[in-house]
Amino acid sequence: VVTNEKKRYSAGVLKYRQMGYWEPDYVPKDTDVLCLFRITPQEGVDPVEAAAAVAGESSTATWTVVWTDRLTACDSYRAKAYQVEPVPGIPGQYFAWVAYDIILFEEGSIANMTASLIGNVFSFKPLKAARLEDIRIPVAYVKTFKGPPTGLIVERERLDKFGRPLLGATTKPKLGLSGRNYGRVVYEGLKGGLDFMKDDENINSQPFMHWRDRYLYVMDAVNKASAATGEVKGSYLNVTGATMEDIYERAEFAKELGSVIVMIDLVIGWSAIQSMCNWARRNDMILHLHRAGHGTYTRQKNHGVSFRVIAKWLRCAGVDHMHTGTAVGKLEGDPMTVQGYYNVCRDSFTKKDLPRGLFYDQDWADLKKVMPVASGGIHAGQMHQLIDLFGDDVVLQFGGGTIGHPGGIQAGAVANRVALECMVKARNEGRDIKNEGPEILQAAARFCTPLKQ
Ligand code: CAP
Ligand code: MG
């Protein structure tokens, strides 16, 4: 049985090319969705046939010709693989370029777009592996999405904070604190100089701290810290829950308590994210997106979906903050690729940029900009690297790098704020912070014990 199965997919019996899913002369239209897949065909499978199979299985085809094809305008419904080339330096891998007519997609629906593009094809037997590397969403389709409810420009206006990155911290330990102790951490962090505190990805409503309890103590801390510092402060209340009803109930309570921001996890799914975008828009709320779970399908370089594609879908779906990586912290990610994700968040028009992993120009029409979030194992000692890599429009989040400070949580926040302000000042004075960063930090530390510590 195994031998026959293998033959069926490897001995040139695949018919996708013959069925019309390979069109080497096709010139993509401005209105097409364009996808670049990295494919690894099984031994003996012709790469062109494999590319045609990807186009087929992610649009209209099944494994054989069906009579009912003739009852549709199949020429426009069929996706077209139009270019295949070996991946330089990696034997066995190919780039397959595929175009999809806009008619294949429901307007304003990421769930629908993803059900086609990543629905079946990643478990297809003729391929050992497949990865969706990049996507060009045509401007005609972009215009059917609402995009970020607030956007980074309006966020800065609401916060009244300009000309520097924003600072945040994830409350730690992730799980186990009571509401009252949790609130204390939030107060200390905000009072010490952070702009935001944040719930972690997995804190929802566990037995040790129910969500209402958390929200009450957190908002008490936010209000007291705002009064003490004279700054607008926030704490991302994670409204993720088991059902959409739970999510709405939590978000409504956060609003009632005066929070400026709520948070959702990527794992709630595309339709829930789009619903929360609508909710945030109706309620003048900043919407923070934690990309919990993304590493299960974005990390492997030969299989899954690149985060740059997820970032494009998230900007269309409509979030205001998006975790986008750090390149220098505890989590995987190289500087150039991560900068590419930041471009997707913040550009009005993201230019093709191969060194940063961007294969297409992307016109964002008038979709607002997303504030990227750098988080994961970073601390004040890396301030120069972070500002050099990401500039001002970013939230730098130091969880362990605030709450693990030897002098306490408030001291951790002070160290981060002083490190940030001295580095921004040095950069604005024209100093080369990339190389002189440690020196600049040490000079500031002479007058700031928490930073010195
Ligand atoms: C960071 C963090 C964040 C990750 C998410 C954690 O804590 O709270 O969830 O950064 O990763 O649980 O690891 P620390 P990403 O600041 O203490 O490291 O931003 O890449 O999605
Ligand atoms: Mg976390």
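I call a residue buried if 20 or more other C-beta atoms lie within 10 Å of its own, exposed if 12 or fewer, and partly exposed in between, with C-beta atoms placed from the backbone.

**Entry: ground rules.** I note that this is a predicted model, in which local features need pLDDT of at least 70, side-chain atom pairs count only at pLDDT 80 or more, and totals for chains, interfaces and linings use all residues. Residues are numbered from 1 along each chain as its sequence is written, while chains are lettered from A and ligands numbered from 1 in the order in which they are written.

**Entry: Ser-375.** I looked up Ser-375 and found that it counts as buried because 24 other C-beta atoms lie within 10 Å. Ser-375 belongs to strand E14, residues 371-375; helices (H or I, at least four residues) and strands (E, at least two) are DSSP runs, numbered from the N terminus. I then listed the contacts of Ser-375 (C-beta atoms, placed from the backbone, within 7 Å). Not counting residues up to four places away in sequence, Ser-375 touches Thr-170, His-323, Thr-326 and Gln-397.

**Entry: the barrel.** In which order do the eight strands close into a barrel? I read the order as E5-E6-E7-E8-E9-E11-E14-E15, with parallel pairing. From one strand to the next, the twist averages 25 degrees; axes are lines fitted to C-alpha atoms, for helices over the stretch in contact, and angles run from 0 to 180 degrees between N-to-C directions. Two strands pair if DSSP finds at least two bridges between them. Strand E11 (residues 321-323) is joined to E14 by three bridges in the parallel sense. Within E14, Val-373 is the bridge partner of His-323.

**Entry: ligand 1.** I counted a residue as near the ligand if its C-beta atom, placed from the backbone, lies within 6 Å of it. Ligand 1 has 18 residues around it, and His-323, Ser-375, Gly-376, Gly-399 and Gly-400 come nearest. I sorted the shell into two nonpolar, ten polar and six charged residues.

**Entry: annotated binding site.** I consulted the UniProt record, an unreviewed entry, whose "binding site" annotation covers Asn-120, Thr-170, Lys-174, Arg-291, His-323 and Ser-375. These positions span 256 residues in sequence and the farthest two C-alpha atoms are 36.3 Å apart, so they do not all gather at one spot. UniProt positions are given in the numbering used here, feature names are shortened, and annotations may be inferred rather than shown by experiment. Lys-174 sits in the loop between strand E5 (166-170) and helix H8 (179-191). I class Lys-174 as partly exposed because it has 13 other C-beta atoms within 10 Å. Leaving aside neighbours within four places in sequence, Lys-174 is in contact with Asp-200, Asn-202 and Ile-203.

**Entry: annotated active site.** At which residues does the unreviewed UniProt entry place the feature "active site"? The record gives Lys-172 and His-290. I found Lys-172 in the loop between E5 and H8, and it is partly exposed, with 16 other C-beta atoms within 10 Å. Beyond four places in sequence, Lys-172 touches Gly-399, Gly-400 and Ile-403. A cis peptide bond joins Lys-172 to Pro-173, with omega about -5 degrees.

Is His-290 buried or exposed? I find His-290 buried, since 26 other C-beta atoms lie within 10 Å. His-290 is part of strand E9, residues 286-290. Apart from neighbours within four places in sequence, His-290 is in contact with Glu-201, Met-263, Asp-265, Leu-266 and His-323.

**Entry: positive phi.** Ala-327 lies in the loop between E11 and helix H14 (335-346) and is buried, with 24 C-beta neighbours inside 10 Å. Ala-365, likewise other than glycine, has a positive phi near 50 degrees. Ala-365 is placed in the loop between strand E13 (362-363) and E14, and counts as partly exposed with 13 C-beta neighbours inside 10 Å.

**Entry: helix H15.** I recorded that helix H15 (residues 383-390) is mostly covered, with six of its eight residues buried. These buried residues pack against H14, E14, strand E15 (395-397), helix H17 (409-428) and helix H18 (433-445). Just after H15, Gly-391 has a positive phi of about 75 degrees.

Conventions
Nonpolar A, V, L, I, M, F, W, Y, C, P; charged D, E, K, R; others polar. Contact = placed C-beta atoms within 7 Å.
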